[in-house]
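Colleague: Can you walk me through this one? I'd like to start with the chain contacts.

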2 protein chains.
Amino acid sequence: MSLEKFFNPSSVAVVGASQQKGKVGYEILTNLIKGEFPGVIYPVNNKAEKIEGLKCYPDLASIGKAPELVIIILPAKVVPAIMEQCVKIGVKSVIIITAGFKEVGEEGLKLEKQVAQIARRGNVRFIGPNCLGVISTYDKLNASFGGDLPVEGGTSYISQSGALLAAILDKANAQGIGLSKLVSIGNKADLNELDIIQAMDADPTTKVIAGYLESIEDGNLFAREAERISGRKPILLIKSGGTTAGAQAASSHTGSLAGGETAYEAVFKKSGIVRCKSITQQFNYAQAFANQPLPNAARVAVITNAGGPGIMTADAIEDHGLDFATLGEDTKRRLAEKLPAAANINNPIDVLGDALADRYEFALDVVLDDDGVDAVMVLLTPQAMTQEIETAQAIVKIAQSKPNKPVYACFIGASKVEKGINVLQQGKIPQYSSPEDAVDTLQVVVEYVRWRSKPKRVVKLFPVNRRKVDKIVEKHLRDARREIGEMEAKDILEAYGFATPQGAIATSAEHAASIAQQIGFPVVMKIWSPDIIHKSDVGGVKVGLRSITEVQDAFDLMMYRIPKKQPGANILGVLVEKMATSGKEVILGMNRDPRFGPLMMFGMGGTMVEVLKDVSFYLAPVTAEEAKQMLRSTKTYQMLEGVRGDEGVDIDALAEAIQRLSQLVIEYPQIKELDINPFLVGPAGMTPIAVDARMSVE
Amino acid sequence: MSLEKFFNPSSVAVVGASQQKGKVGYEILTNLIKGEFPGVIYPVNNKAEKIEGLKCYPDLASIGKAPELVIIILPAKVVPAIMEQCVKIGVKSVIIITAGFKEVGEEGLKLEKQVAQIARRGNVRFIGPNCLGVISTYDKLNASFGGDLPVEGGTSYISQSGALLAAILDKANAQGIGLSKLVSIGNKADLNELDIIQAMDADPTTKVIAGYLESIEDGNLFAREAERISGRKPILLIKSGGTTAGAQAASSHTGSLAGGETAYEAVFKKSGIVRCKSITQQFNYAQAFANQPLPNAARVAVITNAGGPGIMTADAIEDHGLDFATLGEDTKRRLAEKLPAAANINNPIDVLGDALADRYEFALDVVLDDDGVDAVMVLLTPQAMTQEIETAQAIVKIAQSKPNKPVYACFIGASKVEKGINVLQQGKIPQYSSPEDAVDTLQVVVEYVRWRSKPKRVVKLFPVNRRKVDKIVEKHLRDARREIGEMEAKDILEAYGFATPQGAIATSAEHAASIAQQIGFPVVMKIWSPDIIHKSDVGGVKVGLRSITEVQDAFDLMMYRIPKKQPGANILGVLVEKMATSGKEVILGMNRDPRFGPLMMFGMGGTMVEVLKDVSFYLAPVTAEEAKQMLRSTKTYQMLEGVRGDEGVDIDALAEAIQRLSQLVIEYPQIKELDINPFLVGPAGMTPIAVDARMSVE
């Protein structure tokens, strides 16, 4: 769907135009005029003849034809009637500025639904209500009361908070930062964040999509579309208002770790969305993405006229996991030829406190030629001889002449560097107030580059036994039993190619001993009850039992103690299982997010998982590469690779297990959450074993 | 030692005063004059009669008396001669601006030492060389070429980078931020960072000490003094240039984890120094510390005129571990009485987009009265009716009338809020460009308050057997043996009250079996060789051996395999020890930092320690409370408290062990590093056991 007419209409009607300064109806009308909107403007007001020299119309019908865009500013209660008029005369695009809808409660929500219904029936699309309006700089359209039309630029902004959009506009206008489209989406009663982001994606003037969101309407669709769009244009989002609902009822480890913002984090990670913590950060990032090329890799060179800031930048580069570039011999030779003897020709290149613009120009030119340099940071502190304007001009000139590598600047200070900063801004060189901010930005850009250059996603499908799983899942749903017990959970896993330990359920101490003898010592014993979910919490797990006596004692102790700890639990026996004597314990899990779907988890296993929280999440389905990425983003990964003489584990087998589990939870949306903990992995050749498992269905 | 005359001299001589604009000798002289320095200024220049209307002197001697402060700007090679003159005429305080000393290499270093020697002989104290000078706003002294004299304020700044100081001065002057003293310490050939910080501590106009440091001269003294001073005045430092030397040779876990910046982090933590990552952060923090009271606790209330920023602030408060205040019923009743019905009277308090200054004034006044509120953030976004100036005035007025709780502001935007921000700045209300920055600042302030309110440090001394330790340490030092083997390391620990497992060294498989039978199964066996430090790396550790056969097999396998893995290792036998069958594994350790002394470590034990890095560090000696703080600042602590039905461990016993170890490393500076890993701790009643230990002496 094209939103073309919201940004570039040939005619705009302002319903509720006012001649009274300070009124929203006056602000929007005059903003359209001040912005030199090239189309026709129809003020609609039944009490005025003319406003600001424009002929007024008593109502929409009296215009005589349908305006391409209608902006409604009248009180909430009359908005349904205005929307009816829009439908009647064939208007297709409407912005409802008016507040007093969903955000004020039940009454408003009803009104809002009524308006949406009228619009839907009449094929009208609308933005709002309760919004600030729309701006499109390239179309000279300022249909908002947020502020003056900004200069043209590559960043478009979508905001769920009108006030924030106004503040951002003010900031951009004050600093001369260019923008393309700005949309205040208000209550999203019709067009939502994704519609607008898609429109921005389709817009050739938009290079970067930035936004502030409090909620996402269709999580699944959003995730998919955001991933596609991020591949072309970076999306920088502030997401506020973490929801902790959903997670509270979780009974699995995965569920309790997946609470709060984890799903959003996972969606953003998968979709390549850059998450920003503050408006300052978002401005920092947008500057770099919109105005500078992307780097090939992370090797950074620094040019400075003072030692201190150079060291601070080097520290920040190390802290942020970027690489400090090693300059080539040729580069150093060239630098040494022209720079003063006291200058440092190694990275960070110190052109010294008395450097004029020419030294900066020369050094930047030489360093950009170095094949071992992917990005350059230019630092300047105001010193006695510093030419801040000329230096800025030189940086702009060289960066433009060698446009394949990003150049970021950090002029430190205020009034003494202000004019230089203006030159940088106009020359599209991102300027940061501290080296830390510049490096933080580059790190985010590098991460985006890495995300974008990952291979195409191919999700592998394994042959599995769905019939077996169908049976278990259906039985539980039929009986309205939420929890699938350990044995059947393991049956499901086996159907998806997982190995589980040998074992059987014993109903007496003697029975337990005979099972143990059959499968061989050592064994593990676990209480077997549909009512006991965390067995170790009630003393229902004994490991390393090595003799008949130990097995019998364990059985009887559980029978004696557990009914006291959890009275009323229906105890069906004790599971006696072969104990694996080697391998490392990890946890695999899934929690189904109500908005985004199955969230896979991997981490260090055992009872410590919720303490150490060394886990990673990813939205299913996952590819082999993504499964490995999940492994690598934990500290546990180092342990899996082998430490201190220990043999490493079979990483491929572990990644395959994650993929198999991903397939299971995609094919069975009924499975709400699951844990395999511990999942025992060993060196290549040893089949990993799902030692314990639990699932719930819904 | 008083540095009074560096800040408030009655007379200043400028040796190297120049009449040529742009020259440092001109800049400093004119800065003194422009700053309206109330004392006498003597320009010293043998080629001019008068500069800027002031009579010139051909040399220091011709002044006829000793100026209280002498500033030297002449080239490096003549500085020794000038210093001689200073000595001769009785000058006591000198600032050497001149560069070309230590920072340019060997030759310069020699010159620098010569100057220092002359000064020392003549009882002259000096700042520099290679610095920017000194500023004291309250004394109207601008003896620098960094920029104009700033307005008076509570923050003093010390910088090891002159350029950075100039940038900071520029920023402060542009934003009207007040400062007290600024000192560029240059090469620190005489007065160092601690001397200056002590002078700032003694200065009644300084409320906050801020600084940029690349190195610290006397680590031990610095740590002690900084701790004392932080108790009175917050110290905010940027420390750059992390040293990774020292750590590279480490052979212990503690040593390899203690590398890089850990020692600085530990010193800063212990001393209450607030570490800043960037100048922006430092400005943010300094504003709050210098201009607002400290909060009693961390319960924050937010007042806003827009929902979005309110939510962002709430998110930030949660992210930063502060508490979101719950407003009292009385507060809510009062708010409801006067605010419009649509306003949110719960935290964050939304006074709505059409709020004028009076609504902010009212809400702030009411909220500050609430006993459940420790600090208030006031957010403002520029909207149609917003009164940014009047609102700022109202905030200042109320904050001044109720000066017991901190009030921070965040006016979001630029030109539309600029005038309001100026009012805030003059009214000493810290203003932040994003809610994130405001909350980050408050977190740091709250941490400082917690640090400052900790009880007085009392280090407990335990009765120990020093004679036993003396013997072992001396023997190793005499024989120039760096590593103390496991058995003797355990002897030392026993002398300090630690329990170790029963055991003995076996020299044959049969001997091993008989030791095992004597102490009882299960046992642990460890290779016994002075050459093998990480036993598990070579397969030299076997645990859980439960029979004579297992013990004999383990012995013979080690004898067969280990010489192959580490040929030439002098194998003395195998240690057979009682295996503890319960308890949790932690690590205790110490690494002696060359600058700051013994750095204690606590963390999760076992071979995973270097992977998980869940460790905490603290400078010895530690008190009981600090030992517990070390425990609490790891994730492992939750495990120690007991998870999932597990019994917790004896925290007091563990804290005592840390204190005992702290006593050992304080009493034996010869001990360079040590690990107790694992240190086995169990529930109250079980004596913790040092299962394995290693130490090295020097």
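Modeller: About 4900 Å² is buried between chain A and chain B, and carbon and sulfur atoms give 61% of that. Buried area is the accessible area (1.4 Å probe) that two parts lose on being put together, summed over both. Bear in mind that this is a predicted model: local features need pLDDT of at least 70, side-chain atom pairs count only at pLDDT 80 or more, and totals for chains, interfaces and linings use all residues. Residues are numbered from 1 along each chain as written, chains are lettered from A in the order written, and side-chain values use heavy atoms, without hydrogens or water.

Colleague: Which elements of chain A give two or more residues to the side that touches chain B?

Modeller: Among them are helix 5 (162–175), strand 13 (235–239) and helix 16 (435–452) of chain A. Helix 5 of chain A gives the most, with 7 residues. Helices (H or I, at least four residues) and strands (E, at least two) are DSSP runs, numbered from the N terminus.

Colleague: How many salt bridges cross the interface of chain A and chain B?

Modeller: The rule finds 0. It looks for a side-chain nitrogen of Lys or Arg within 4 Å of a carboxyl oxygen of Asp or Glu.

Colleague: New topic. Which residues have the most contacts inside the largest nonpolar core?

Modeller: Leu236(A), Phe289(A), Leu236(B) and Phe289(B), in a core of 99 residues. Such a core is a set of buried Ala, Val, Leu, Ile, Met, Phe, Trp, Tyr and Cys residues joined through side-chain atoms within 4.5 Å. Buried means under 20% relative accessible area, exposed over 50%, partly exposed in between (1.4 Å probe, protein chains only). Helix 16 (residues 435–452) of chain B gives the largest share of this core, 9 residues.

Colleague: What is Phe289(A) in contact with?

Modeller: Leaving aside neighbours within four places in sequence, its contacts (heavy atoms within 4.5 Å) include Val208(A), Leu236(A), Val444(A) and Tyr448(A).

Colleague: Now Glu52(B). Where is it found?

Modeller: Glu52(B) sits in the loop between strand 3 (50–51) and strand 4 (54–55) of chain B.

Colleague: Why does Glu52(B) count as partly exposed?

Modeller: Because its relative accessible area is 48%.

Colleague: What does Glu52(B) contact, leaving aside neighbours within four places in sequence?

Modeller: Tyr26(B), Thr30(B) and Ile33(B). The side chains of Glu52(B) and Tyr26(B) are joined by a polar contact of 3.4 Å. That term covers a pair of N or O atoms within 3.5 Å; within protein, one must be able to donate a hydrogen and the other to accept it, and residues adjacent in sequence count only if both atoms are side-chain atoms.
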